[in-house]
Amino acid sequence: MAPITDNAGNTGDASTARASLEALRAEIAKAVVGQDPAVTGLVVALLCRGHVLLEGVPGVAKTLLVRALASALELDTKRVQFTPDLMPSDITGSLVYDARTAEFSFQPGPVFTNLLLADEINRTPPKTQSSLLEAMEERQVTVDGTPRPLPEPFLVAATQNPVEYEGTYPLPEAQLDRFLLKLTIPLPSRQDEIDVLTRHADGFNPRDLRAAGVRPVAGPADLEAARAAVAKTTVSPEITAYVVDICRATRESPSLTLGASPRGATALLATARAWAWLTGRDYVIPDDVKALALPTLRHRVQLRPEAEMEGVTTDSVVNAILSHVPVPR
């Protein structure tokens, strides 16, 4: 069977897929300064068919990061600004009456894309937030009893502001658990911020990524080949037990009221496999698990109120667990 070729000319061969995905860093760096961990997290999510929650203060290039990723991957992308008056049909689509034919036809919503940017997802009411649940989990949308499959690949990249809570609707635990990763986008370092301002002074326009030189370096064929290779990455019984022990430890932590579920353990194993493959190995080591534990688990656990008042964070709890759970040799 001949390799699949996409519009970017990529053959989808496993030997070139890794190099193509690694090239994303350099391509996205043409538009976004720093943020390598977030870029890697988005690629890991694509490899695992997962979704990503991006959290950061306004102005740290969350939206630009997703747009640059879509351009470098030659994926169709749509952006929805979530507001309090947004309705579920504004996301999924609806039946529209055609007076000429006297019939109803389905008008697809913005969710029918490869990469959906859900900007400020916590600004819309729970009813609209929940309209994404079926799309994220089942990769389909049901309207008027008819299921309609979404394109492949499909990824939801949702953003939220961690410091502004007035007029927001926090995501419930059930929906948070649908996100494979929660990536925190930090403020840039001094040198990175200087580089950002220098680019803008030189004429950089964040709304015109083509002018910035961002070009497709990978495509759906590369993702398909990469996913097949990740599925063959070896996981030893010791690594599986290590993942389980970490997740069980979150359920026993005195600082947490809610620990990671078996779905969280499955997600951690999947992300560790993807990271192992991206770093050039066909087997998973404990360091792969440690590297993905924070972004995979931080949104799946819940702090006790008294621990939160003492300044404890979910990241500090997960880090403490990683330091105490015995590492397999």
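**Helix, core and a buried arginine**

Modeller: Pro305 lies in helix α13, residues 305-309 (a DSSP run of H or I, at least four residues, numbered from the N terminus). This is a predicted model: local features need pLDDT of at least 70, side-chain atom pairs need 80 or more, and totals for chains, interfaces and linings use all residues. Residues are numbered from 1 along each chain as its sequence is written, and side-chain values use heavy atoms, without hydrogens and water.

Colleague: Is Pro305 buried or exposed?

Modeller: Buried means under 20% relative accessible area, exposed over 50%, partly exposed in between (1.4 Å probe, protein chains only). Pro305 has a relative accessible area of 52%, so Pro305 is exposed.

Colleague: Which residues does Leu21 touch, beyond four places in sequence?

Modeller: Leu21 is among the residues with the most contacts inside the largest nonpolar core, which has 74 residues. Such a core joins buried Ala, Val, Leu, Ile, Met, Phe, Trp, Tyr and Cys through side-chain atoms within 4.5 Å. Contact means heavy atoms within 4.5 Å. Leu21 touches Val43, Leu47, Leu73, Ala218, Leu223, Ala226, Trp277 and Leu278.

Colleague: How many Å away from Arg148 is the nearest side chain of opposite charge?

Modeller: Arg148 sits in strand β7, residues 146-149 (a DSSP run of E, at least two residues). Lys and Arg count as positive, Asp and Glu as negative; His and the chain ends are not counted. A salt bridge needs a Lys or Arg side-chain nitrogen within 4 Å of an Asp or Glu carboxyl oxygen. Arg148 is buried without one, and Asp144 is the nearest such side chain, at 6.7 Å.
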